Amino acid sequence: MFYYDPTYLLLIPAMFLALYAEFKVSSNYSKWSQVPSITRLTGAQMARKILDANGCGDVRIEQISGKLTDHYDPLNGVLRLSSDVYRSSSIAALGVAAHEAGHAIQDAQDYAPMRIRATLVPIANIGSGAAMPLFLLGLLFSWQPIVKIGILCFALSVLFYLVTLPVEFNASSRAVAVLADGYLPDDEVRGVKAMLSAAALTYVAAALQAVLQLARLILIARRNDDN
């Protein structure tokens, strides 16, 4: 029998925001990846300049496969750039490279939200994996303590999403500020800002979806408890 759960309506705003963010990222990246920077520097070269200028000369830069797989690995002190970013001199490539270099600078400067996020990673992984099985098991057997533990586990993953926001926003702000400080002309900086702002929306959408899902689980638990 088909069962309609009205709590699913809570997730609709986040779903639309996620779709919009994905569209903005794709369109902005496609646009600015076709526009070469006047500097002619590749993403790898720009990242190297930024890292060296900010006391991160020991951070290695490696090329990896995939599209938009760029990331900074704080455990090994390695900045990994996708092939398109590593080799390209487009405005998009320089923006992505500068953003990831911003994470390396955060690490070097012991940026508090980044430290908190790193601490939360294993906890959030366990929490997100255990949350729904525990929650559903608790509902199945009408055992509220297990339901509450499931909600608590999911709340830990929500906390991770929320802490991620300042980490990503700060890295983008650092990237724009650095590139505007003598590396790129104003019109190219505007392109970088547009692209990174679109990327930031994806993190906002993920955080909103996690928060609304947590609210949904709480509503379901209360309804089940009342019954």
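Modeller: Start with one term. A helix here is a DSSP run of H or I with at least four residues, numbered from the N terminus. Alanine 175 lies in one such run, helix H6. Keep in mind that this is a predicted model.

Colleague: What is alanine 175 in contact with, leaving aside its neighbours within four places in sequence?

Modeller: Contact means heavy atoms within 4.5 Å. By that rule alanine 175 touches Ala98, His99 and Leu196. As for glycine 43, it sits 132 residues away along the chain, and the two C-alpha atoms are 12 Å apart.

Colleague: How do you know how H4 and H6 pass each other?

Modeller: Two packed helices are described by the angle between their axes and the distance between the axes. The axes of H4 and H6 come within 8 Å and cross at roughly 115 degrees. The crossing is right-handed. On the H4 side the contact includes Leu94, Ala98, His99 and Ile105. On the H6 side, Val167, Arg174, Ala175 and Leu179 are among the residues. By class, this contact has 7 nonpolar, 7 polar and 2 charged residues.

Colleague: Which residues of H2 are buried, and how do you know where they sit around the axis?

Modeller: H2 covers residues 43-53, and its buried residues are Gly43, Ala44, Met46, Ala47, Ile50 and Leu51. Their arc around the axis is only 160 degrees, so they lie on the same side of H2. An α-helix has 3.6 residues a turn, so residues three or four places apart point the same way.

Colleague: How many aromatic pairs does the structure hold, and what kind?

Modeller: The structure holds 1. Rings pair if their centres lie within 6.5 Å, and planes over 60 degrees apart count as edge-to-face. The ring centres of phenylalanine 160 and tyrosine 161 are 6.2 Å apart and their planes stand at 70 degrees, so this pair is edge-to-face.

Colleague: Why are phenylalanine 160 and tyrosine 161 called partly exposed?

Modeller: The class runs between the 20% and 50% cut-offs. Phenylalanine 160 has 21% relative accessibility, so it counts as partly exposed. Tyrosine 161, at 36%, is therefore partly exposed as well.

Colleague: What does the whole chain look like?

Modeller: It has 7 helices and 3 strands. Along the sequence the pattern is α-α-β-β-β-α-α-α-α-α. The C-alpha trace spans about 65 × 35 × 30 Å along its principal axes. Of the 227 residues, 45% count as buried. Among contacts with a separation of 6 or more, 71% join residues 24 or more positions apart.

Key: Residues numbered from 1 in each chain as written. Predicted model: local features only at pLDDT ≥ 70, side-chain atom pairs only at ≥ 80, totals over all residues. Heavy atoms only, no water. Buried < 20%, exposed > 50% of the residue type's maximum accessible area, 1.4 Å probe, protein only. Helix = DSSP H or I, 4+ residues; strand = E, 2+ residues; numbered from the N terminus. Arc of directions from axis to C-beta. Phe/Tyr/Trp six-rings, centres within 6.5 Å; stacked < 30°, edge-to-face > 60°. Axes fitted to C-alpha atoms, helices over the stretch in contact; angles between N-to-C directions. Left-handed = near helix turned anticlockwise from the far one by under 90°. Nonpolar A, V, L, I, M, F, W, Y, C, P; charged D, E, K, R; others polar.
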